[in-house]
Every structure is written in structure tokens, then in C-alpha cells.
Amino acid sequence: RKTMKRWLSGMLLFALVLAFGAPASANLLYTAQTNYSNTTLGKIVGSTVTSNLGTNIGGNWGQGIFPFRDAQNQNRVAVTLYEGGADTIKILDPAALSWTSPVKAISAQAHLLSNIRKMVSLNGFLYGISYGNNPYGGQPSDVAQVRRFDMNNNYASGTANFSYTPSTGQGHGEGLVAYNNYLYAILTETRGSYPFTYAPNKLIKLNSTNLSVAGHPVNLSGKNTDGGTHGAYCQNGDTLYLTSWGGSQPTDTNYNPESQVERVNLGNLRNSTLVTGRQMRARDATWNHHFTAVAIKGQDAYIQATTWSRLPGTGGRGGQVRLYRKGVASIGSLGPGDIVKSLDTSGGWRVGMIVDGDYLYVASGSNLYRYTLPVTANSTATVFGPGGTSLGGDISAFASVPSLRGVSAAQAAMDELVQAKAAKDEKGGGGCDAGFGWLLLLAVVPVALRRRG
């Protein structure tokens, strides 16, 4: 009788969803790790997590997930895996997501990109930008590059490339966007030994045909845009928004006054600083944060600010992520009244933020928080990670992949019903669940190993 009741409830919900529609479904591809090991690939469709698409896939030093359209305008996803030296790249079909049978596997020997920060497609080619092979505490042993892969020729990597080799320091590739048949590379420069000093960032416009420089570089105001942080920059039409740390990342309560949010018009390459850490400290005595991510949805700008060690007497201990919401045209007047959420980072690990349709995903520590847009102070998050639904590890890389809809909206709604019922049974002592007891365990990551991109 109990089973029949559940079945009837599910069928009723299924019929209602078919008749009236279902809420927008969230669709995310992600990787998870345990202390830089055991990297797994998973997906979130609606509120259903599949955490075993690929297990022990490699790339323990870093991964990237980059949706794109191939030469036939088909949805594809590039997953990059970094373990020192050039990355391994797998091209996946999001409709199938077979790790063992990818559309294409590109070996590390087929190209020279190490620690890939971003991949984008344009005019039948897939382009990637590399940070450079990055030994801890030292400078990369190779140079930051942009290279391209011919999607009409089995993703062959040709000779066209751009290398960033500033004479005064070590160049790093941090980001790449496409606009009006050109590519725009976001570049940083470190000097000296760890923790490094930083020169101002540069934005360089590249011809897509041969990756030659098109015009003069744009000298940006920000320093140390961390392209390994999801949402460190975002493109909204012809406008590029960038966040930057303003220098090296402090692990104590100090902060960089030059941390900022910056805007570039990709049409005329004019840039302007919108708000700085110095201005924020003048407006808010509890500020010792750094701008780490920005996301635009309609007329709203969501801005993430991070500290690895909050000021004494400000509530809580350790790191903190703040989420601000402000009108796009009013970012310059950002202040404490615009905070909508404050999240603990616990031992550090991951920060970042992306929009996925009608949702905002915010990474803080080992967890991923999903909010329905628009986000307000009263918004409640769906939590994925040790503090909620297990991802199979701590959140690492993640990207919105709308074509991941491997289940219909009705199926996603039914899955949520099943999950809710299972949770109710667990609370009442009925049934059996393999995960809820240990989901609250949170590994503490040493300061030296905190993930910073």
C-alpha cells in the first residue's frame, strides 16, 4: 500500500508537470577532489547529482570544463586535466557524456598548452590559453600561450600560436574571450619569487586566423586576475568585466587596496575601474576582502569578495565569501548595504561564481551553493558538497552546460520528490541511506595547499 501511494503521488506530479510545466532545470558539469587527489567527473541536472561519470580521471593539479560549439554547431564540452607539463584534453558530447568513449581525446604530446585556463570556439577552430606549467613556489618552466585546434581536421593543433613573454617578469595566460571574430587574451605578469609581486594585467587582441596581435595591448589597472577562479571575469555582449586580487593573495588579515572590479569595452578597448578595495574599506570597516568573481544577469551584477582570514570581532573565524548584488550601472557605489549573503570558506579550497539559467552557483570552501535568481538576503541555498548533497568530493571545476538536460523537466521534478521522500524516511528511522551521516564531515586543508585557481 505504501509503495502504491508513492507511485500514485509520482504519477500525479508527472501529470501536473506535463500539463503546467516545471521550474527551470539547473544543468552543471563539475569535478570534485579530495585534497588534490581522486578527481571525479559528475553532473547536476535539476537537483539530481550523478557523481560517477568518471572516477580517478587524473588532472589532480587542476581541471577545466569549457562548453563550446563545434564546426557543425553541435554542443561539445572540453575537459582539461593538468598534472604538470601539457594538459590532456577530452572532448565530450554532453548528450552522452561517456568518459571512456569521448568525441576526441587530445594527448599532452599533441600541443604545448599547460595548465589551461580557458577554451573557446570561433569559426571552426577551438582555442585555448595556458597559464604555464606551475611548480609550487617557483616560476613556470614554459611560457603562456594561445593555440588553436582545427575542428574540421580531427582537432589537429597547427603552428599558429601566440606566446606571452614580457621582458620584466613571467607571463601567464588567465582568460580568453571571443568577440566580433577576434580573440582577447587576459594576461598577468609575476615578478620575483613566491608569493610574487604583480605587474598590471594586459588585454591583447588577437587575429583568429593566425593569432597575430591586432593593435596595441590594453594596459589594464587590475593586478592578478585569477583565471582559475570561475567568474573571475565575465563577458556581457561587448563589455568585459574583470576582478583582480590587486597583488598576491594574503593568508592573514591584510588586504590589497588595489583589488578591483574593472570594465573593458571590447569595441573600442577603453577600460575603466569601477570600484576598488580601498574604496570598500572606506565604506565598510569590516572589509579586508578581495574581488574574486563577477556575474551579470539582466540589469543585476553579482559580485563576490573573498578573504582567507576575516578581521577579529566581525563574526566567525577563518575565511569568508561575501556576495553582493548591485545594478550594473551602479557598481561604482557598491557598499555594505549591498551584501546579500556571507558564507564561510572553512579551510579555504575553492571560491568562484557562475550563472546557470535562472540560478546562481557560488563556490565557498568545499561547498557549492545554488540560489534561485534574483538572490536576496532571504534566499535559501541548495547546498552541494560536504554540507549538503554529496558531489563525491570537494567542489573543484564547474561549468553551466544547458544541453546536459539528460532528464526531462518532469523527470527532474519526480527525482526531487523521490529525494524528499527518502530524506523524510531517513529522519523517521525508516529505510536505509548511504550518505547523510557523513556529509557534515569537512576536511581542513592546510594554508599552503589552499586552492587559489
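A salt bridge is counted here where a side-chain nitrogen of Lys or Arg lies within 4 Å of a carboxyl oxygen of Asp or Glu. The model is predicted, with local features requiring pLDDT of at least 70 and side-chain atom pairs counting only at pLDDT 80 or more, while totals for chains, interfaces and linings use all residues. Residues are numbered from 1 along each chain as its sequence is written, and side-chain values use heavy atoms, with hydrogens and water left out.

**View 1. The salt bridge between Glu258 and Lys223.** The closest N and O atoms of this pair are 3.4 Å apart. Glu258 belongs to the loop between β17 (239-244) and β18 (260-265), and Lys223 to the loop between β15 (218-219) and β16 (233-236), so that distant parts of the chain, 35 residues apart, are linked (strands are DSSP runs of E, at least two residues, numbered from the N terminus). Lys223 is buried at 18% relative accessibility, whereas Glu258, at 37%, is partly exposed (buried means under 20% relative accessible area, exposed over 50%, and partly exposed in between, with a 1.4 Å probe and protein chains only).

**View 2. A network of salt bridges linking Asp70, Arg76 and Asp93.** Between Asp70 and Arg76, the closest N and O atoms are 3.7 Å apart; Asp70 is buried, with a relative accessible area of 10%, and Arg76 is also buried, at 11%.

**View 3. The salt bridge between Arg76 and Asp93.** The N to O distance is 3.6 Å. Because Arg76 lies in strand β5 (residues 75-82) and Asp93 in the loop between β6 (88-92) and β7 (104-106), the pair ties together parts that are 17 residues apart in sequence. Asp93 is partly exposed, at 26% relative accessibility.

Notes: Helices (H or I, at least four residues) and strands (E, at least two) are DSSP runs, numbered from the N terminus.
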